[in-house]
Amino acid sequence: MRGENLLGMYRVLTDSNPLRTTLRAYAGWIAVILGALAIAFVANGPADAQEGEELSNPVAFAETSYANVCAECHGDRGAGGSVPGTDRRAPALAGTEEVTAAYLDLVLRTGRMPPAGDPFDNRAREVFYSDVEREAMVAWVSEAFDLEQDIPDVEEGDIAVGLETFALNCAHCHGNAGAGGTAGSTTWTPRVNHLEPIAVVEAIRVGPFEMPAFATDQLTEEEANAVASYLEAVREERGTPVFGLVELNPVFASGFVALLAILLIGSLLYIGGRPTPFESVPGAALHASRPPTGMTPMPGDPRYEAMARDMPQDQDHEPIPYTDEEPADPTEGTDDPVQDPPDTPDDTPHEEPPA
């Protein structure tokens, strides 16, 4: 019995009928929803680096890691060098004023260094080092190449001031809520509302890559701390379902419009390519038996008998049979022409005119 039920379900799903079409439509929409959930899960950003155990010898670890991971581009002595696979050069770590301990801590903390691919793009990256490993690398490289020790101490700031400061100085590239965006036709700006406060302040001061640096005479310490607090508040704000968006910047807006257009066009093509057979429409047999508008069925035509059966009949009178003969003339066969009916006498009394 169970085998027969499974066989019946298989026949329902494989038979060409409206039920199969409906099931396929539902299956398609379920696949679209699952795909959107998968995209949202992947787009949540890189996972945080796992916390590692305390290093038994931080100096040895940092020295070995620099030789194996960093020296290929920056050189054994930090003098810079060519980036493999490109015609660009990696900056020198030693003797470069812009490269400081805060700069190094920022690029390692955000995963910009070491790069998994092109080091000059702004895509999200996996963080390579754990916290203890990053601290060991910053300490060793800063001492080895005599970098300026400028890692900031971040304090809690005024969120309202941070909102105003971010809107005036940062939102035109990173979006109103720090979700990323564009800075020109070809430059993408990364998301910043997921960064720790110390990384936000470091980025403000050192200006990594294409971002300009803001000195204390442009943004005060209080304003920098306020921006970090504002982005931290944005991070704690609940976003939209599925995608978790706090704002819809031009990049995401364009993506949503394209996705909706694809879904709409795909649905129209699917619906148009799977028309419902006319015979399966309720009442199709009745409509098919009736003649087109303006045409009178003739005796002997099956549509005539079908229409006669469908028409309600008067119980007191027999239906008038159809005939193609001309109607008889009532005056035919008589000599008298058709006479008009006599005038009906008027019974209204009339007054005689006076003599």
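The tour goes from a cysteine to a pocket, then to aromatic rings and a helix.

The model is predicted, so to speak of local features a pLDDT of at least 70 is needed, side-chain atom pairs count only at pLDDT 80 or more, and totals for chains, interfaces and linings use all residues. Residues are numbered from 1 along each chain as its sequence is written, and side-chain values use heavy atoms, with hydrogens and water left out.

**Stop 1: cysteine 70**

Select cysteine 70, which is placed in helix α3 (residues 58-74). Helices (H or I, at least four residues) and strands (E, at least two) are DSSP runs, numbered from the N terminus. Is cysteine 70 buried or exposed? Its relative accessibility is 16%, so it counts as buried; buried means under 20% relative accessible area, exposed over 50%, and partly exposed in between (1.4 Å probe, protein chains only). Leaving aside residues up to four places away in sequence, cysteine 70 touches Ser65, Gly75, Tyr129 and Met137, where contact means heavy atoms within 4.5 Å.

**Stop 2: the second largest pocket**

Next, select Cys73, His74, Ala90, Met113 and Pro115, which lie nearest the centre of the second largest pocket among its 31 lining residues. On a 1 Å grid over the protein atoms alone, a pocket is an open set of points where a 1.4 Å probe fits, with protein on both sides within 12 Å along at least five of seven lines; lining residues have an atom within 4 Å of a point. Helix α3 gives the largest share of this lining, 6 residues.

**Stop 3: aromatic pairs**

Now display the rings. There are 6 aromatic pairs; rings of Phe, Tyr and Trp (its six-membered ring) pair if their centres lie within 6.5 Å, with planes under 30 degrees apart counted as stacked, over 60 as edge-to-face and the rest as tilted. Select tyrosine 66 and tryptophan 140, a tilted pair at 5.6 Å centre to centre and 45° between the planes. Tyrosine 66 belongs to α3 and tryptophan 140 to α5, so the pair ties together parts 74 residues apart in sequence. Tyrosine 66 is buried, with a relative accessible area of 3%.

**Stop 4: helix α8**

Finally, select residues 197-206, helix α8, where 7 of 10 residues are buried. Among them are Ala199, Glu202 and Val206. The cover over these buried residues includes α4 and α9 (221-236). Just after α8, glycine 207 has a positive phi of about 60°.
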